[in-house]
Amino acid sequence: MKKIKAIFLIACLVSFLLCNAVAEGYRYEGEGWSTPEEAVQAYVEALKAGDLRKMISTFAIETYVEHYDFRAFLERIKAYPASPDIPYPGTNDFQRAMNAESRRRSILYVINNQMLLLCHPDYQVGMPIAFAGSNAMDMDVFIDAMGQVGPPEDIKWKGFVNVALLNDKYMSPKNQEYIMKQKATYGADELQSMAAALQIEGKPYLLCCDVLKYGDRWFLSSLGGNIGMLMGASMAQGGLIPAQ
């Protein structure tokens with residue numbers, strides 16, 4: 001009985017903290033940008049500065065949660081996934097707070113993948129690393145390697161690339177229909193893919209992402225996005241594709 005009461009009290013405390021954060025008006029996202037290009041450039045500038053909070057603030061989070069169509073999402077994929085970006089329909093303050101935290105967590109996951117790719121390109125995200133057995137890795141070597149993970153010091157902006165030229169399927173009727181269904185799920189006014197050419201530590205990359213427009217403001221939606229998917233990029237790449 002005491003254990004049940006303790007769990008109940010903890011749940012109440014978590015609910016209070018989450019709802020209180022919403023009530024106080026704290027928002028993870030920034031104010032948005034006037035153009036999709038400005039939103040992407042803001043992310044790159046935050047990456048160059050190593051400012052994680054500013055990187056996160058370029059994404060639609062609270063606005064995304066407020067406009068998200070939970071039913072449209074379920075109808076589009078015909079299933080409820082194991083780890084949905086938005087886990088609840090948002091019928092109360094607690095659910096909306098949970099949705100915002102879940103959205104932020106999803107963004108952090110992909111940013112983390114981006115950092116790992118840049119620092120340790122041979123590391124396979126999601127694959128366990130053994131410290132015992134025939135293929136064991138030295139733990140000290142691993143800890144030292146992980147201790148080096150962080151934003152790159154040398155990032156040069158090279159400009160935007162027309163995504164329609166990167167993959168023939170992007171402008172296909174089938175893919176445009178897919179984009180329209182995504183836009184409806186997100187409750188956005190516009191959704192488009194962007195690709196920025198970067199030079200990171202002397203190596204050429206394309207930073208692929210999707211951007212959303214709500215009202216007159218643009219935010220990042222995801223790293224990788226539709227164009228990244230068409231080009232065969234995985235979530236493990238964090239939206240970065242090595243360029244020729």
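Rings of Phe, Tyr and Trp (for Trp, the six-membered ring) count as a pair if their centres lie within 6.5 Å; planes under 30 degrees apart are stacked, over 60 edge-to-face, and the rest tilted. With that rule I found one aromatic cluster formed by Tyr 64, Tyr 68, Phe 73 and Tyr 186.

Housekeeping: I'm on a predicted model, where local features need pLDDT of at least 70, side-chain atom pairs count only at pLDDT 80 or more, and totals for chains, interfaces and linings use all residues. Numbering runs from 1 along each chain as its sequence is written, and side-chain values use heavy atoms, with hydrogens and water left out.

**Around Tyr 64.** I looked up what sits on its ring: Arg 103 lies over the face, 3.8 Å from the ring centre (the rule wants NZ of Lys or CZ of Arg within 6 Å of the centre and within 35 degrees of the ring normal). The side chain of Asp 85 also makes a polar contact with the side chain of Tyr 64, at 2.8 Å (N or O atoms within 3.5 Å, one able to donate a hydrogen and the other to accept it; residues adjacent in sequence count only if both atoms are side-chain atoms).

**Phe 73 and its helix.** I checked α5, residues 70-77, and found Phe 70, Ala 72 and Phe 73 buried (under 20% relative accessible area; exposed is over 50%, partly exposed in between, with a 1.4 Å probe and protein chains only). Helices here are DSSP runs of H or I, at least four residues, numbered from the N terminus. I noted that the buried residues of α5 pack against α9 (173-186).

Methods. Helices (H or I, at least four residues) and strands (E, at least two) are DSSP runs, numbered from the N terminus. Contact means heavy atoms within 4.5 Å.
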